[in-house]
Amino acid sequence: MADLEMPLTAHLEELRWRIVKSILAIGAGFLLAYLYADQLFEILIRPLTLAAEGSTVKIIGTGITEAFFTKLKVAAIAGVFLGSPVVLFQAWRFVSPGLHEEEKYHVIPFVLFGTAFFVGGGLFCYEFVFEVGYRFFLEQYATIGIEPAIRISEYLSFTSRMLLAFGVTFELPVVAFFLARTGMIDHNTLIAPWRYAIIVIVTVAAILTPGPDVASQMLLATPLLFLYVVSIGVAYVFGRPRPEEPEAPSDSTDLEPTSRGD
C-alpha cells in the first residue's frame, strides 16, 4: 500500500495534526463544560458528601484564585470525556493506513465501543469506587481523632486522575477485541505472560493513583485484573482463527528393508 511507503517525517506530520485535532476537540468540550462548571462541581463533590455521612468534613480553599481554577479543572475533566470520540477517531485514522482494507471499516464500532467503555470506566469509578474509597480514607481521620479539612485542589487532583485512569483501563477489552479480530493476538497470547501481566497491572495502578497508600492502588488494580480476564475471554470468543501450518512432508518412505544376498 502507498500509505505504508510514507517517509518518517510525513508520519510525524500526520501524527502532529491528529494530536492537534484531538486537542481542539477536548478544547471544545472544555468550553461547553465550563458553562455548567458549577453543576459539574456539585456532581464531583457528591461522593465525598455521601461518604462523610454522619461525620464532619470541611472542603476548603487556601488561595484567592482556587475557586476559579477549580472550575477550570472541572471543565477540563469533562472536556476529556466529551472529546473522547474525536480522540479515538483520530487514533484510528492514524493507524488505519497499516490495516487491511476490510479492517478499516471497523472504525465506527471502535469509536462507539471505545467511547462507551471510556465513559463507563469513569462512571464505574464514580458510582462504586469513590464512595468506598472516600469512606475508607475518612475513617482513618476518625481513628486518630482529627476532623478532616480537604483542600479542593487536592480533592480534584485525586478525583480527576482516578476518573481518567479508570476510563483508560476500561478500554482494555476493546483493544483486545480489535487486536484479536485483526489476528494480531489470540487468547493464548494474553494467557502466556499472566505472571508478568499481574506485575504490570499492580505497577500501573501504583503509577496512576496518587499517593503511596495501598488502598487507592487496590481500588484500581482489582478492576484491572478483572478486565484482563475479560480481555482473555473476548480474544477467545472473537479472535480470528489462525491458519493451520501445513504439515511438513515426511522424508521417510515406506520402503521395505533390502536383504543382502547370500
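**Salt bridges and a helix pair in a predicted model**

Trainee: In this predicted model, which residue meets Lys71 in a salt bridge?

Mentor: The side chain of Lys71 takes part in a salt bridge whose N to O distance is 3.3 Å. Lys71 lies in helix H3 and its partner in helix H2 (residues 37-51), so the pair ties together parts that are 33 residues apart in sequence. Lys71 is partly exposed, with a relative accessible area of 34%, and the residue it meets is Asp38.

Trainee: Is Glu66, which forms a salt bridge with Arg151, buried or exposed?

Mentor: The closest N and O atoms of Glu66 and Arg151 are 3.6 Å apart. Because Glu66 lies in helix H3 and Arg151 in strand S2 (residues 149-151), this pair ties together parts that are 85 residues apart in sequence. Arg151 is partly exposed at 32% relative accessible area, whereas Glu66 has a relative accessible area of 10%, and a residue under 20% counts as buried.

Trainee: How are helix H3 (residues 66-95) and helix H5 (residues 152-169) oriented to each other?

Mentor: Their axes lie 10 Å apart and the two helices pack at an angle of about 5°. The contact is made by residues including Glu66, Val74 and Phe81 of H3 and Leu156 and Leu163 of H5, and its residues divide into eight nonpolar, three polar and two charged. Since angles under 35 degrees count as roughly parallel, H3 and H5 are therefore roughly parallel.

Definitions and conventions: Residues are numbered from 1 along each chain as its sequence is written. This is a predicted model: local features need pLDDT of at least 70, side-chain atom pairs count only at pLDDT 80 or more; totals for chains, interfaces and linings use all residues. Side-chain values use heavy atoms; hydrogens and water are left out. Axes are lines fitted to C-alpha atoms, for helices over the stretch in contact, and angles run from 0 to 180 degrees between N-to-C directions. Helices (H or I, at least four residues) and strands (E, at least two) are DSSP runs, numbered from the N terminus. Angles under 35 degrees count as roughly parallel, over 145 as roughly antiparallel, 65 to 115 as roughly perpendicular and the rest as oblique. Contact means heavy atoms within 4.5 Å. Ala, Val, Leu, Ile, Met, Phe, Trp, Tyr, Cys and Pro count as nonpolar, Asp, Glu, Lys and Arg as charged, and the others, Gly among them, as polar. A salt bridge is a side-chain nitrogen of Lys or Arg within 4 Å of a carboxyl oxygen of Asp or Glu. Buried means under 20% relative accessible area, exposed over 50%, partly exposed in between (1.4 Å probe, protein chains only).
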